[in-house]
Amino acid sequence: MRNLSIRIPEVPDIDDYQEIKDASLSGDLIIFIGAGVSSILGCLRWVDTAEDLLRYCREISLISFWEEQRMLSLYKTNPRKMITIAKSKLSKLQYQKQLKVTLRGKRKLIDKMPVYKNLSGINAIYVTTNIDNHFRDVLGNSNTYCQVSDFKIRNLRPGRLFHLHGHKSDMNKIVFTIDEYIRHYNKKVIQKFLYEIFVNPNKKYCLLFLGYGLEELEIIDFMIGKTGEKDETIRSSRKKYMLFPFFSAEKELLAFEEAYYEKMGIELIPYSIDRNGHEKQLFEIIRIWQSYILPTDFYKKARLIDEVI
């Protein structure tokens, strides 16, 4: 149990998590990027996207106001269920068009808080469950993998981005609804890819989750659960961290959350959102951490020297 007298910092000290720095140095750091990161740029979070789709259904008279409110109340912690229901009501064109609206960033925020530029400066492999274009715009198409056929083990290299749930450039292949999740995570190539990341004993990956909230826990459950390994093997096979927002007065809640995530082998890295809120504070952490974790350019130069020698 966490010591309740310990203060929840605004910016956790990266030196307290040496495994993250060491993994970046060796090229074994994998950063998982959730909707909370793109929300820094103005994109909607997972639950907000679900609520927006239901609102749209109500506005075009596919559901009543009462039905909308009941679903918002009953399924608040299950965005995937709301999205699945909304998709069943909308035409393909309506669904895809409205979903794209939720992916738009705001130019002012993109210029003010270039979070993906900062992330690209950390020597890591990137895996995202987002389908927006913002990180791809920074890394370029040649370093971005969106098709399942490209999820090959040999492609797992620092500086590369994998869109685990597809990309908005091909809306027919995105993974948002329950049936899409089941089909996607039962594909052998995806299971092999996740096994390599989460379990393979010949690898020493360190995993860092950024921008994942309580409503996105089921995404992590899906990813971990489809490796084909027993829970104990998954818990002990990798060092896994997750940046998680709290108010400074929520120390008791933090202790409960730590106990829960520990069952998945994930160590929480708490940070305080009292002063700046979720988005701005997460951006500040990434910006500051980027200057303390091994830069990508340094890694590339070191690897080039090794090849010459």
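Helices here are DSSP runs of H or I with at least four residues, and strands are runs of E with at least two, both numbered from the N terminus. What I am showing is a predicted model, in which local features need pLDDT of at least 70 and side-chain atom pairs count only at pLDDT 80 or more, while totals for chains, interfaces and linings use all residues. Residues are numbered from 1 along each chain as its sequence is written, and side-chain values use heavy atoms, with hydrogens and water left out.

Let me turn to the salt bridges. Taking a salt bridge as a side-chain nitrogen of Lys or Arg within 4 Å of a carboxyl oxygen of Asp or Glu, the count comes to 13.

Within helix 15, Arg287 and Glu284 lie 3 residues apart, about one turn of the helix, and they form a salt bridge whose closest N and O atoms are 2.7 Å apart. Arg287 is partly exposed at 37% relative accessibility, where buried means under 20% relative accessible area, exposed over 50% and partly exposed in between, with a 1.4 Å probe and protein chains only.

Helix 15, residues 277-292, also holds Glu279, whose side chain meets that of Arg45 in a salt bridge at 3.4 Å, N to O. Because Arg45 sits in the loop between helix 2 (35-38) and helix 3 (46-59), this pair ties together parts that are 234 residues apart in sequence. Arg45 is buried, at 17% relative accessible area, whereas Glu279 is partly exposed, at 27%.

Elsewhere, Asp15 and Lys21 pair through their side chains at 2.7 Å, N to O, with Asp15 partly exposed at 43%. Finally, a network of salt bridges links Asp52, Arg55 and Glu59.
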